[in-house]
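Have the sequence and the 3D view open as you read.

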Amino acid sequence: QAYIDIVGLTSLSFANGMLAKASRWRAVGAFRCFSQVTISQDRLQEFIRAELSYFASRHTQALSLEQIVEASTPGKVARLVHKELPFRFAARIKHIEAVAGWEKQLELKQLHEIFMDSFSDLRLAEPPDTEESALTLNDLKEYTEVIRSVRKRHMPVVALLAEAVRKMTLSDPWMEGDDFQSWADTFLLSRISTEMLTSHYMAVVDWHDSVTEAAELLGSDHIGIVDTKCNPGKICEEAAKAVQAMYANPKYSRRGHDDLKVEVHCHSESGSEEAIAFSYIPKYLFYIVQELIKNSARATVEACEVDGRRSLSERPIVVTVCADQKQVAIRIADQGGGFPFGKAEEIWSYLFSTSKQPFQEYLESGSPMAGWGVGLALGRLYARYLGGSLQLMNVPGTGVDAYLFLRRIDPSAVEGIPRTSISDSVAPV
């Protein structure tokens, strides 16, 4: 009996939600059949599950930033998305199913459903079977809507995982701390690669659609999600303003802290601020810096509440941006009192958080790093994925300095784009 590999289910329509027409099936190693057949939805789901097992069994290599950036046309990025996403979604589904009792955990069940729906959607859609260079935006219209739907569906993924973690700390843990850290790292690292890939797809499509407002805003300095003239100083200023606005809002904190002070200073090897500009992915840099400033702001506010001898305005958070020809460095220094030396490793744990932000606010934030206890650890994963690093220098009783080191990305030179050394394949549980 031949194993059926559904390589592309197209021309799909449902009659009363029960029947589906599927074409272009292939029996692996046997024959090709292009005639249409009609199957029940239950039978279709059996095939989807078979596909899921097949894709999940394949070992995936970490998706490098080089691969993403090289897909600079709609046709190329569509082919890359179609090739890579099913493997990674299938791996994450099996990653969830590897957790004992996952069916009893509400957020894990919701995550499982999100990835199952997206995996099914991707296997029931594919870019037209045309040469990459010949694919137009009109050819990809239906496929683009599928990717847009997937991105919208996946917005709460990090917050849901973080809420599952929070509940785990209040009940019987699923696994030991080190094993859980590895499980969460694997899940979130795969999330980074797929989030970047789908974000890049939408950016490339928008850029090539000359009538869209997004394309006009991006301009010629962008290659998909990469800004070839990314100004880290400006991004730090935007992140600082966002955090200050958040703390000035009484809805976020018990009383408005409009006196929270964040200073941003820029320096370069040549003395020119323009020399700091580099090729990078601005949206992720913004989220990383915003998360670090938020942590410093929270610690500073809490320190003022404990020791009122100095006000918030007398405890400025200082952001320093500097650069040479090889890398950009960002230091975020606060006077929030730091933490005991024994807590140094705990702060990188997904089981550690001092945030009292409600779950719903995480869901509504729109940040791919929003979630209880995941911000700092996930920020470090993003930095590593992009060839950089995130380190903390803690001085108990004084404060914490966060150091973010970023490699310059040159989209025009293959050797200039860092390859991630972290595998995002499924780790044992």
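Predicted model: local features only at pLDDT ≥ 70, side-chain atom pairs only at ≥ 80, totals over all residues.

## Helix α3 by itself

Start with α3, which runs through residues 74-97 and has 24 residues. From its first C-alpha to its last it reaches 34 Å, close to the 34 Å expected at 1.5 Å a residue. Still, α3 bends by about 30° at E84, and the proline P86 follows within four residues.

Is α3 out in the open or enclosed? Of its 24 residues, 19 are buried, so α3 is largely enclosed by the rest of the structure.

## α3 meets α5

One partner to look at is helix α5, residues 141-154. The two helices pack at an angle of about 40°, and their axes are 12 Å apart. The crossing of α3 past α5 is left-handed.

Which residues make the contact? On the α3 side you'll find A78, V81, H82, L85 and F89, and they meet Y143, I147, V150 and H154 in α5.

## α9 meets α10

Now hop along to α9 (residues 232-248) and α10 (residues 282-306). Here the packing angle is about 45°, with the axes 8 Å apart. α9 and α10 are therefore oblique to each other. This time, α9 passes α10 in a right-handed crossing.

Notes. Residues numbered from 1 in each chain as written. Heavy atoms only, no water. Expected span 1.5 Å × (residues − 1). Bend = angle between axes of the 7 residues up to and from the residue. Buried < 20%, exposed > 50% of the residue type's maximum accessible area, 1.4 Å probe, protein only. Axes fitted to C-alpha atoms, helices over the stretch in contact; angles between N-to-C directions. Left-handed = near helix turned anticlockwise from the far one by under 90°. Contact = heavy atoms within 4.5 Å. Parallel < 35°, antiparallel > 145°, perpendicular 65-115°, else oblique.
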